[in-house]
Amino acid sequence: MKFAVSSKGDEVSDTLKSKIQTYLLDFDMTLDEKEPEIVISVGGDGTLLYAFHRYSDRLDKTAFVGVHTGHLGFYADWVPQEIEKLVLAIAKTPYHTVEYPLLEVVVTYHDEEREERYLALNECTIKSIEGSLVADVEIKGQLFETFRGDGLCLSTPSGSTAYNKALGGAIIHPSIRAIQLAEMASINNRVFRTVGSPLLLPDHHNCVIKPRNDVDFQVTIDHLTLLHKDVKSILCRVANEKVRFARFRPFPFWKRVQDSFIGKGE
Ligand code: NAD
């Protein structure tokens, strides 16, 4: 089987990366950074996001697993002390995988010819470079509201514990194929009105954001920040593609939420 190891780039993660590579080569696995069947990410959630984007054009052929060298991550849940166990499990293929939904983002421009498509594992955020974001929000082709405020965040279920959570969004189990729309500091008064609650859209609905003012936009896709000029609309929906994580032991999502945000309990 073909594998690749992606490191955060610090000394601890790089050392662990070479160890994992040596062990897997000893098991007659093939190092293939172009077309890996499994990618082991060593670092934190950010490292896994980076690895996801590197291999996002072959998601149906690649599974991911994360080792954390810092604090427990949502995607990086193996600790460095467990790598022998992990390597053995990887070498003993076939392994079990779980699939999580992704967010598809399509940006169109007033120049009709152009269209950019992105996939997000966590979320997409939309902000105006100057002043408030003023945008019409359409749901399933119907105008829902005109948003005025800092920005909007559209997240996946597995990304619901990231930026979305800081915005007061709900935590969504990744078995639910949906995306969540959360507001960033909306202006609500006698003149401007938004729903004020996060919305959960099922996989057959979409959300289109149409900027009202002619300013530049800052669009983030996970850890990537992109500047967009001349934006006509930004379409968000559940993507057809899915991300696959290799699972070698049970680690239920709600346990992960508890360990990360509440502590291990009594
Ligand atoms: P980073 O290293 O600053 O990561 C921020 C934190 O987000 C880290 O602690 C990481 O473990 C955590 N994180 C990432 N994905 C997560 C997930 N799915 N569930 C729970 N925690 C998660 O920045 P980065 O490595 O470039 O990561 C980018 C991510 O940072 C973005 O996708 C966004 O979700 C998050 N972010 C959060 C806030 C916020 O909470 N206010 C603001 C900006 C970005």
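The side chain of threonine 194 makes a polar contact with the side chain of serine 186 at 3.3 Å, where a polar contact is a pair of N or O atoms within 3.5 Å; within protein, one must be able to donate a hydrogen and the other to accept it, and residues adjacent in sequence count only if both atoms are side-chain atoms. The model is a predicted one, in which local features need pLDDT of at least 70, side-chain atom pairs count only at pLDDT 80 or more, and totals for chains, interfaces and linings use all residues. Residues are numbered from 1 along each chain as its sequence is written, and side-chain values use heavy atoms, with hydrogens and water left out.

A second polar contact links the side chain of threonine 194 to the side chain of glutamate 183, at 3.0 Å. Threonine 194 sits in the loop between strand S11 (178-186) and strand S12 (199-202); helices (H or I, at least four residues) and strands (E, at least two) are DSSP runs, numbered from the N terminus. Threonine 194 counts as buried because its relative accessibility is 7%. Here, buried means under 20% relative accessible area, exposed over 50%, and partly exposed in between (1.4 Å probe, protein chains only).

We turn next to the ligand. It is surrounded by 15 residues, and the closest are Asp45, Asn122, Glu123, Thr161 and Ala162; a residue is near a molecule or strand if one of its heavy atoms lies within 4 Å of it. An oxygen atom of the ligand lies 2.5 Å from a polar side-chain atom of glutamate 123. For asparagine 122, an N or O atom in the side chain is 2.9 Å from a nitrogen atom of the ligand. Serine 158 takes part through its backbone, with a polar atom 3.0 Å from a nitrogen atom of the ligand. On its own the ligand has 780 Å² of accessible area, and the protein covers 60% of this; accessible areas come from the Shrake-Rupley method with a 1.4 Å probe, and for residues only the protein chains shown count as cover.

Helix H2 (45-54) and helix H4 (163-166) each give at least two residues to the shell around the ligand, and the largest share, three residues, comes from H2. Sorted by class, this shell has six nonpolar, six polar and three charged residues. In this scheme Ala, Val, Leu, Ile, Met, Phe, Trp, Tyr, Cys and Pro count as nonpolar, Asp, Glu, Lys and Arg as charged, and the others, Gly among them, as polar.

What of the enclosed space inside the protein? The structure holds three cavities of 30 Å³ or more. On a 1 Å grid over the protein atoms alone, a cavity is a set of points where a 1.4 Å probe fits but cannot get out, and lining residues have an atom within 4 Å of a point. Grid points are joined across faces, edges and corners, and a volume is the space filled by probe spheres set on the points. The largest cavity has a volume of about 50 Å³, and its lining includes Phe64, Val65, Phe74, Tyr100 and Arg256. Strand S4 (63-68) and strand S16 (231-247) are the elements that give two or more residues to this lining. By class, the lining of the largest cavity has seven nonpolar, one polar and three charged residues.

The second largest cavity holds about 50 Å³ of space. Among the residues that line it are Trp78, Phe248, Arg249 and Phe251, and strand S5 (76-78) and S16 each supply at least two residues of the lining. Five nonpolar, no polar and three charged residues make up this lining.

Aspartate 222 has a phi near 50°, a positive value in a residue other than glycine, and is placed in the loop between strand S14 (217-221) and strand S15 (224-228). Aspartate 222 is buried, since its relative accessible area is 8%. Phi is likewise positive, near 50°, in lysine 140, a residue other than glycine, which is found in the loop between strand S9 (133-139) and strand S10 (142-155).

Glutamine 142 belongs to strand S10 and is exposed, with a relative accessible area of 57%. Aspartate 214, in the loop between strand S13 (207-211) and S14, counts as exposed at 69% relative accessibility.

Note on methods. 1 Å grid on protein atoms, 1.4 Å probe; cavity = no way out; pocket = protein on both sides within 12 Å on 5 of 7 lines; lining within 4 Å.
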